[in-house]
Amino acid sequence: MTAMPVHLIWFLVLGCFWGLTPSFYKLMGEAGLPVSHIIVYTGLIVGAALALVPLARGRLTLTRETLLYGLGCATLLNIPFSLSLFFARHVPATEYALVVSTAPFWNYVLALARRRETAHPRRIGALLLGFLSSAVLILTRDHGSQAVISWWLAAAFIVPIIYSAYNSFAAEYWPKQADTMTVGALESVFSGLLAIPFMLVLAPLWSDATPPLWAYWTALAASALWIVERIAFFTLIREKGALYTIQAIYVSTPAAVLWAIVIFSKPADAWIWASLAILMAALWLNNSTRRVAL
């Protein structure tokens with residue numbers, strides 16, 4: 001029997017873990033954790049854990065290039081990351097999972113704008129289908145019969161748009177001869193350090209905004225989740241590039257909806273499934289012009 005390719009294993013792992021992420025965002029919001037606390041603690045925990053392996057092997061390459069790359073990734077990551085944590089408190093997990101699943105379309109739009117991709121009828125059709133899926137989702141929330149727009153849901157689409165810039169930067173500026181664990185560790189540590197001033201100003205440890213210690217279990221669980229996710233993400237970014245890596249959304253999109261239903265015991269309505277079906281068709285069409293061997 002032929003062994004499963006390592007990059008396919010990472011691909012499936014990444015998709016499954018991405019699928020869990022929207023539910024964790026929601027859980028941390030319900031636990032009352034301030035956004036700045038989440039970024040600081042998870043960033044430092046994940047960064048320290050990822051650094052252990054290259055440090056033990058004497059391969060922690062702290063060059064100017066890797067440090068600048070880690071800082072750049074952390075800066076670009078913190079913006080959509082903080083917005084994700086914010087919007088997850090106002091948008092149901094099933095709906096938010098579909099919002100972030102539009103990321104491949106925004107990646108393509110950015111690539112078109114930067115002239116790194118050419119316009120193709122199938123992929124333009126995929127964009128239109130993706131936007132149709134989003135429209136179905138937005139227009140059927142809360143007061144669907146009156147076609148009242150859910151503005152929280154509509155505003156949440158800024159997150160995958162900004163994430164597309166992060167994905168492009170992470171793929172294009174990978175430091176030469178840098179290993180995955182070092183890069184992941186630097187990005188995570190810088191992410192946590194950059195959020196410390198915001199924590200001290202917006203939700204200092206001595207303020208009423210700090211929840212009881214037990215509430216931080218969600219941050220610890222998310223840290224364990226993201227340690228594996230960061231390894232999978234940077235391994236695929238380095239070896240396969242952004243266009244391949246983002247296709248893990250095929251796995252994460254239905255997984256995210258199912259995880260949200262299981263964790264929060266709130267079944268999805270017919271419109272959620274309709275939006276998911278349209279989105280999956282759009283994702284297939286988006287990738288059908290350039291077959292990616294898994």
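Analyst: By class, the lining of the largest cavity divides into 19 nonpolar, 11 polar and three charged residues; here Ala, Val, Leu, Ile, Met, Phe, Trp, Tyr, Cys and Pro count as nonpolar, Asp, Glu, Lys and Arg as charged, and the others, Gly among them, as polar. The model is predicted, so local features need pLDDT of at least 70 and side-chain atom pairs count only at pLDDT 80 or more, while totals for chains, interfaces and linings use all residues. Residues are numbered from 1 along each chain as its sequence is written, and side-chain values use heavy atoms, with hydrogens and water left out.

A cavity is a set of points, on a 1 Å grid over the protein atoms alone, where a 1.4 Å probe fits but cannot get out; lining residues have an atom within 4 Å of a point. Grid points are joined across faces, edges and corners, and a volume is the space filled by probe spheres set on the points. The count is one cavity of 30 Å³ or more, and the largest cavity holds about 570 Å³. Its lining has 33 residues, with Trp18, Thr21, Tyr25, Tyr163 and Glu229 nearest the centre. Helices are DSSP runs (H or I, at least four residues), numbered from the N terminus. Those supplying at least two lining residues each include α1 (6–30), α3 (64–87) and α10 (217–240); α1 gives the most, five.

Rings of Phe, Tyr and Trp (its six-membered ring) pair if their centres lie within 6.5 Å; planes under 30 degrees apart count as stacked, over 60 as edge-to-face and the rest as tilted. There are 12 aromatic pairs. Tyr25 and Phe81 form a tilted one, 6.1 Å centre to centre with 40 degrees between the planes. Tyr25 belongs to helix α1 and Phe81 to helix α3, so this pair ties together parts 56 residues apart in sequence. Phe81 and Trp226 have ring centres 5.5 Å apart and planes at 85 degrees, so their pair is edge-to-face. It links Phe81 in helix α3 with Trp226 in helix α10, 145 residues apart.

A nonpolar core is a set of buried Ala, Val, Leu, Ile, Met, Phe, Trp, Tyr and Cys residues joined through side-chain atoms within 4.5 Å. The largest has 78 residues, and Tyr25, Met28, Phe81 and Trp226 are among those with the most contacts inside it. The largest share of this core, 10 residues, comes from α10.

Definitions and conventions
On a 1 Å grid over the protein atoms alone, a cavity is a set of points where a 1.4 Å probe fits but cannot get out, and a pocket is an open set with protein on both sides within 12 Å along at least five of seven lines; lining residues have an atom within 4 Å of a point. Buried means under 20% relative accessible area, exposed over 50%, partly exposed in between (1.4 Å probe, protein chains only).
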